[in-house]
Amino acid sequence: MKQFAIILLVSLTVFSCQSRSEDTKKQFFLPPATTYNYVEIDNVKLFYREAGDKSNPTIVLLHGYPSSSHSYRNLIPMLATHYHVIAPDNLGSGYSTHLDPATTTYTFDVLADYTEKLINTLQIKNYVMYMQDFGAPVGYRMMMKNPKRIEALIVQNANAYIDGLTPKRHDFFRMAQMDTSQVKHDFLYSLTGEDAIINKQYLFDLDSTNINIQSPDAWTHDLAFLRSQKDREIQVQLFQDYNTNLIRYPKWQKMLRETQPKTLIAWGRKDLKFNYKGAEAYLRDLPNAELHLLDAGHFTAEEKTRDIAKLILEFLFKNGIE
């Protein structure tokens, strides 16, 4: 009997140690590794970041100005444990080929065409589409061609309504297209310089109490790809083309109204470029959309990465996309 008691005590001790060991392992967060890839399409190389099991639903992260897929360096691992994640660099941005703007005119039609070709080359049929800033005109152009490919929309400071623009901002885009003078060109060119990227983009809508939330890695990376005159001219051409998006807003809104995609709107309330009224305007056409206004600015995924990731994971789970 005494021997049995000793054996039982040893067994319980071992079991207890194993249980504690297993519990400890469950607390670890080990996201899949992100890979850094190129695919050649039409004699150009398009760069993309990828992570997660390809058998899981795919999330495509579309970046804005003045950045690249680098915007999502922190968000990708938070999503990749549950999803297959693709984050491409636009043609002319980041590590993708920068064709000479003297011989290639950069428009949002061109960016959308190349991004769609990338997704097709990767044999991704259906996907969740995350859009921020420039990501909206790229994403909505792709969606207009085949709305059924989009399993859900995640809209993060990605404007598709005039409501989201102040009259001054609206006029800025209109005149960027209409005013072809050298003076206007030089002004747009100045917006691609170091001071403008740092202070009129990343730090523009932050106050002194939370300015340290924005990593200098963001603008340092962006500026590395805006060193040459040609690189900066690419972005000038996109500024000049941006008004074509405003003209298309009614068509995009009609598409949303007719297709009613599952939609999560996670918007930085402090955004002074695309203000929160643009987020609320989506509800006119998508009354079932989930709207969250976060205490952040234009680069919400940089400032509130964990909050954005949590909202995405919960939203997709609730909508059966898992």
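Biologist: In this predicted model, which residue in strand 2 does Glu 40 stand opposite?

Modeller: Glu 40 stands opposite Lys 45 in strand 2.

Biologist: How many residues lie between strand 1 and strand 2 in their hairpin?

Modeller: There are 2 residues between strand 1 and strand 2 in the hairpin, and Asp 42, which sits in the turn, has a positive phi of about 50 degrees.

Biologist: What else does strand 2 pair with, and how do the two strands run?

Modeller: Strand 2 is also joined to strand 4, residues 84-88, by 4 bridges, and these two strands run antiparallel. One place to look for this pairing is Ala 51, whose bridge partner in strand 4 is Val 85.

Biologist: Where do side chains point in a regular strand?

Modeller: In a regular strand, the side chains alternate between the two faces of the sheet. As for the case here, strand 2, which spans residues 44-51, is mostly covered, with 7 of its 8 residues counted as buried.

Biologist: How many of the residues of the whole chain count as buried?

Modeller: Of the 322 residues in the chain, 52% count as buried. The chain contains 13 helices and 8 strands, and its C-alpha atoms fill a box of roughly 100 × 45 × 40 Å along the principal axes.

Definitions and conventions
Residues numbered from 1 in each chain as written. Predicted model: local features only at pLDDT ≥ 70, side-chain atom pairs only at ≥ 80, totals over all residues. Heavy atoms only, no water. Buried < 20%, exposed > 50% of the residue type's maximum accessible area, 1.4 Å probe, protein only. Pairing = 2+ DSSP bridges.
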